[in-house]
Amino acid sequence: TSIEKYAFKNCESLKQMPIPSSSTKIAIGTFSGCLSLTEIEIPSSVKNIEECAFINCRSLQHVIIPTSVVSIGHSSFLNCSSLKQIKIPSSTISIGYSCFHGCQKLESIELLPPIEEIKSNMFYNCSSLKQIKIPDSVTRIGPSSFEGCLSLKIIEIPSSVKYIDMKAFYKCTSLTDIIFNKCPIKKIEANTFGMCSSLRKVVLPSTVKSIDFDAFAHCTSLN
């Protein structure tokens with residue numbers, strides 16, 4: 001049995017939907033706008049969650065992603081504002097941009113190798129996100145990936161990270177500590193840590209040769 005793209009788009013009263021055990025993917029926008037959907041269990045036959053699969057499922061609280069899933073498309077869980085926690089299995093090698101954008105109740109998430117990139121806007125405005133461990137397989141933290149994560153307090157950058165793009169941690173107003181673990185970063189991009197008003201101290205890697213405009217602008221606690 002296959003469920004094709006946008007099959008249940010804007011079924012606003014749909015609360016539950018068992019996915020057939022023969023399904024190999026959650027197609028593009030399958031459950032987009034299902035405002036009453038509270039939980040979903042993805043069968044172990046599924047390999048790909050395609051883009052916008054659960055976008056605007058604002059009542060969705062629990063998602064179980066099986067170890068069969070290899071990729072999660074962009075904006076898959078965008079604006080799932082009731083989603084509290086989710087575990088990404090080690091089988092997942094790619095997570096698209098804006099995947100968890102606007103998941104305002106998401107408190108924690110575990111990412112595992114072999115994820116190589118935290119793409120743009122991935123956790124944008126996840127205002128309840130308190131902690132996240134960046135795996136040592138990640139080489140790039142994309143633009144605005146953690147922008148507006150108002151509850152994030154400590155971030156540890158592993159030695160594998162070579163690039164942190166602009167506004168990656170912009171407006172993380174509770175962020176007090178950034179720990180760079182000998183990562184070979186050469187440039188702190190524009191607004192990377194701008195508006196991090198609780199940031200107290202930063203020890204940059206010795207490899208840093210350039211700090212761009214507004215990189216630490218309005219970090220009013222920095223001493």
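Reader: How do β11 (residues 140–141) and β13 pair, in the parallel or the antiparallel sense?
Author: The model is predicted: local features need pLDDT of at least 70, side-chain atom pairs count only at pLDDT 80 or more, and totals for chains, interfaces and linings use all residues. Residues are numbered from 1 along each chain as its sequence is written, and side-chain values use heavy atoms, without hydrogens or water. Two strands pair if DSSP finds at least two bridges between them. β11 and β13 have 2 bridges, and the sense is parallel.

Reader: Which are the edge strands of the 4-strand open sheet?
Author: Its order is β1-β3-β5-β7, again with parallel pairing. An edge strand here pairs on one side only. That describes β1 (25–26) and β7 (94–95).

Reader: What is the bridge partner of Ile 72 in β7?
Author: β5 and β7 pair in the parallel sense over 2 bridges. Ile 72 has its partner in β7. That partner is Ile 95.

Reader: Is Ser 75 buried or exposed, and at what relative accessible area?
Author: Ser 75 lies in the loop between β5 (71–72) and β6 (85–87). Buried means under 20% relative accessible area, exposed over 50%, and partly exposed in between (1.4 Å probe, protein chains only). Ser 75 is therefore buried, at 7%.

Reader: Which side chain makes a polar contact with that of Ser 75?
Author: A polar contact is a pair of N or O atoms within 3.5 Å; within protein, one must be able to donate a hydrogen and the other to accept it, and residues adjacent in sequence count only if both atoms are side-chain atoms. Contact alone means heavy atoms within 4.5 Å. Beyond four places in sequence, Ser 75 is in contact with residues including Cys 52, Tyr 97 and Cys 99. The polar contact, at 3.0 Å, is with the side chain of His 74.

Reader: Which side chains of β14 (residues 177–180) are buried?
Author: The side chains alternate along the strand.

Reader: Which residue stands opposite Ile 178?
Author: β14 pairs with β12 (residues 154–157) in the parallel sense, over 4 bridges. Ile 178 belongs to β14. Opposite stands Ile 155.

Reader: What separates the C-alpha atoms of Pro 184 and Ser 159?
Author: Pro 184 is in the loop between β14 and β15 (187–188). Its relative accessible area is 35%, so Pro 184 counts as partly exposed. Ser 159 is one of its contacts, along with Val 161, Lys 162 and Thr 207. The two C-alpha atoms are 25 residues apart along the chain, yet separated by 7.1 Å.

Reader: How many helices and strands does the protein chain have?
Author: Of its 223 residues, 47% count as buried. The C-alpha trace spans about 60 × 30 × 20 Å along its principal axes. The count is 0 helices and 16 strands.
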